Each structure stands twice: as C-alpha cells, then as structure tokens.
Amino acid sequence: MRERLTKNDIKKIEEEIEYRKLVVRKEAIEAVKEARAHGDLSENFEYHAAKKDKNSNESRIRYLERMIRTAEVISDDSREDEVGLNNRVTLYFEEDEEEETYKLVTSIRGNSLKGMISTESPLGKAILGRRLGERVKVKVNGETGYEVVIRAIDKTADDQEDKIRSF
C-alpha cells in the first residue's frame with residue numbers, strides 16, 4: 001500500500017534520511033571498527049551488536065527512501081471552517097459528555113498517545129472534510145459507532161511535537 005504523505009511529511013523524512021546518512025552512519029561504522037579491534041570476532045558481542053545497529057540504520061534508510069519513492073503526495077489544504085490535515089480539532093463526545101482535542105495527521109505520524117490521529121483511523125476518516133458544528137457518526141465496525149460534534153478547528157497547529165524521527 002502506498003503511503004499518503006504531505007510535502008511536509010516528505011521534508012521531515014528527507015531530514016531523517018540525511019541525519020541517518022551523515023551522523024548515525026558514521027557513528028555506526030566507527031563503533032564496528034572499534035569493536036573489531038577487540039580481537040576474535042566469533043565471540044565478540046560488541047562487534048555483533050555494532051553490526052546489528054549499523055544494519056538497522058541502513059534498513060531504516062532504505063525503508064524511508066522507498067516510502068518517498070512510492071508515496072502518493074496529498075494536499076493539506078482545506079477551507080477555513082473545514083477539518084483538514086494538520087488541524088487541531090476539538091470534539092465533543094455526547095455519550096461521555098467530554099471534549100477532547102486531536103491533531104489530524106497522515107498515517108505515518110499518527111500517535112494517539114500524543115493526541116495525533118491518522119486520517120486512516122475510524123475517527124480520522126469520519127471528521128476529515130467535515131465542518132465546524134457538524135455532528136458526525138463514527139463507525140468503528142459495521143454495527144458499532146458513536147457520534148461526535150466538531151466544536152473547534154485550529155488551523156495554526158504547530159509542528160514542534162510532530163517529529164517522525166525514531167532516534
């Protein structure tokens with residue numbers, strides 16, 4: 001499946017690739033050299049751990065490069081009163097009589113613990129493109145669901161906590 005990424009997502013992925021190539025790769029190569037100098041490689045745990053770290057970094061670089069190559073670039077533009085990508089949305093859950101705020105993001109940036117929900121999630125699919133004040137039915141599966149009311153849309157949400165990097 002092709003990832004749906006915004007230009008900003010691609011920029012952040014490219015930054016991670018550059019960091020991994022220029023910083024992490026050099027550190028990993030140096031760690032392998034240092035561990036190799038300790039002698040017998042067959043029983044050298046440091047050498048095997050350093051090689052594993054180096055290979056993990058190279059795998060991550062290849063994965064990110066493939067992701068960019070095969071990505072479907074999508075726009076994060078939306079009308080002023082409409083829920084779009086990278087917007088903070090305050091939702092009112094009537095059943096619980098609670099309000100919660102989420103940031104709507106692409107699937108690679110989704111992190112429910114940080115309040116970032118993916119456009120691929122049931123809630124994300126339900127509210128994307130909806131308008132302020134609208135009551136929305138969120139389908140969890142064919143029979144189960146709940147309703148939310150869109151109370152606020154913040155188009156100026158910052159990207160400080162939205163790091164893709166895994167280091």
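Visitor: Why is Lys 11 counted as partly exposed?

Guide: The relative accessibility of Lys 11 is 47%. Buried means under 20% relative accessible area and exposed means over 50%, with partly exposed in between (1.4 Å probe, protein chains only). Lys 11 therefore counts as partly exposed. This is a predicted model, in which local features need pLDDT of at least 70, side-chain atom pairs count only at pLDDT 80 or more, and totals for chains, interfaces and linings use all residues. Residues are numbered from 1 along each chain as its sequence is written, and side-chain values use heavy atoms, with hydrogens and water left out.

Visitor: What makes Lys 11 and Glu 15 a salt bridge?

Guide: A salt bridge is a side-chain nitrogen of Lys or Arg within 4 Å of a carboxyl oxygen of Asp or Glu. The closest N and O atoms of Lys 11 and Glu 15 are 3.8 Å apart, so the pair meets the rule. Both residues lie in helix H1 (residues 7-36), 4 residues apart, about one turn of the helix. Helices (H or I, at least four residues) and strands (E, at least two) are DSSP runs, numbered from the N terminus.

Visitor: What makes E3 and E7 a pair of strands?

Guide: Two strands pair if DSSP finds at least two bridges between them. Strand E3 (residues 88-93) and strand E7 (residues 145-154) have 6 bridges in the antiparallel sense, so they pair. Within E7, Val 149 stands opposite Tyr 92.

Visitor: Why are E5 and E6 called edge strands?

Guide: An open sheet of 5 strands runs in the order E5-E4-E3-E7-E6, with mixed pairing. Strand E5 (116-118) and E6 each pair on one side only. For E6 (residues 135-139), the partner is E7, over 5 antiparallel bridges. Val 136 has Val 148 in E7 as its bridge partner, and a hairpin through 5 residues joins E6 to E7.
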